[in-house]
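Colleague: Hi! Could you walk me through this structure before class?
Modeller: Happy to, let's open it up together.

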Amino acid sequence: MMLNCDMSAAYISETADATGRMIGHTQLHSDTACRPAFHPTDPNILYASSGGRLKISRDRGKLLRPSAI
């Protein structure tokens, strides 16, 4: 599960409980107008908007990088 907060934070949890972690704003600027999405067949890949730009993680959200598109 991944969610964006209206207070500029983003959070991710692999267990859907309170053990999730915050993604630092240096990696991802929260965007409440655009929900994060997971790849339909690869659980390691997720997509998120950061300040209107697409970011992709290929390691379950540990590191988010700008997309190549």
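Colleague: How many salt bridges does a search of the whole structure find?
Modeller: It finds one. Keep in mind as we go that this is a predicted model.

Colleague: Which residue does Arg-60 form a salt bridge with?
Modeller: Its partner is Glu-14, and the closest N and O atoms of the two are 3.5 Å apart.

Colleague: Is Glu-14 buried or exposed?
Modeller: Glu-14 counts as exposed because its relative accessible area is 56%, and the cut-off for exposed is over 50%. Arg-60 has a value of 32%, so it is classed as partly exposed.

Colleague: What about the phi of Arg-60?
Modeller: That phi is positive, about 60°, although Arg-60 is not a glycine. For background, most residues other than glycine have a negative phi.

Colleague: Let's change topic. Which residues make up the largest nonpolar core?
Modeller: There are eight: Met-2, Ala-10, Ile-12, Ile-23, Leu-28, Leu-46, Ala-48 and Leu-64. Strand E2 (10–12) and strand E5 (46–50) each supply at least two residues of this core.

Colleague: What is Leu-28 in contact with, leaving aside its neighbours within four places in sequence?
Modeller: Its contacts include the core members Met-2, Ala-10, Ile-23, Ala-48 and Leu-64. Leu-28 is also in contact with Ser-49 and Ser-50.

Colleague: You mentioned Ser-49. Is Ser-49 buried or exposed?
Modeller: Ser-49 is buried, because its relative accessibility is 9% and the cut-off for buried is under 20%. You'll find Ser-49 in strand E5. Leaving aside neighbours within four places in sequence, Ser-49 is in contact with Leu-28, His-29, Asp-31 and Cys-34.

Colleague: There's another serine I was curious about. Where does Ser-57 lie?
Modeller: Ser-57 lies in strand E6. With a relative accessibility of 0%, Ser-57 counts as buried.

Colleague: And what does Ser-57 touch, not counting residues up to four places away in sequence?
Modeller: Ser-57 touches Asn-44, Ile-45 and Leu-46, and also Lys-62, Leu-63 and Leu-64. Leu-46 and Leu-64 are two names you've met already, as members of the largest nonpolar core.

Colleague: Which backbone nitrogen lies 2.8 Å from a polar atom of the Ser-57 side chain?
Modeller: That is the backbone nitrogen of Gly-61.

Colleague: Now the outside. Which residues form a nonpolar patch on the surface?
Modeller: Met-1, Leu-3, Tyr-11 and Met-22 do, and together they have about 390 Å² of accessible area. Leu-3 is in strand E1 (residues 2–4). Leu-3 is partly exposed because its relative accessible area of 37% falls between the 20% and 50% cut-offs.

Colleague: Last one, the segment after E7. Which residue is found there?
Modeller: Ala-68 is found in that segment. Ala-68 has a relative accessibility of 85%, so it counts as exposed.

Colleague: How far is Ala-68 from Lys-55 in space and in sequence?
Modeller: From C-alpha to C-alpha they are 9.0 Å apart in space, and in sequence the separation is 13 residues.

Colleague: Thanks, that helps a lot!

Definitions and conventions
Residues are numbered from 1 along each chain as its sequence is written. This is a predicted model: local features need pLDDT of at least 70, side-chain atom pairs count only at pLDDT 80 or more; totals for chains, interfaces and linings use all residues. Side-chain values use heavy atoms; hydrogens and water are left out. A nonpolar core is a set of buried Ala, Val, Leu, Ile, Met, Phe, Trp, Tyr and Cys residues joined through side-chain atoms within 4.5 Å. Buried means under 20% relative accessible area, exposed over 50%, partly exposed in between (1.4 Å probe, protein chains only). Helices (H or I, at least four residues) and strands (E, at least two) are DSSP runs, numbered from the N terminus. Contact means heavy atoms within 4.5 Å. Patches are made of residues with over 30% relative accessible area and no salt bridge: like charges are joined within 9 Å, nonpolar side chains (Val, Leu, Ile, Met, Phe, Trp, Tyr) within 5 Å. Accessible areas come from the Shrake-Rupley method with a 1.4 Å probe; for residues, only the protein chains shown count as cover. A salt bridge is a side-chain nitrogen of Lys or Arg within 4 Å of a carboxyl oxygen of Asp or Glu. A polar contact is a pair of N or O atoms within 3.5 Å; within protein, one must be able to donate a hydrogen and the other to accept it, and residues adjacent in sequence count only if both atoms are side-chain atoms.
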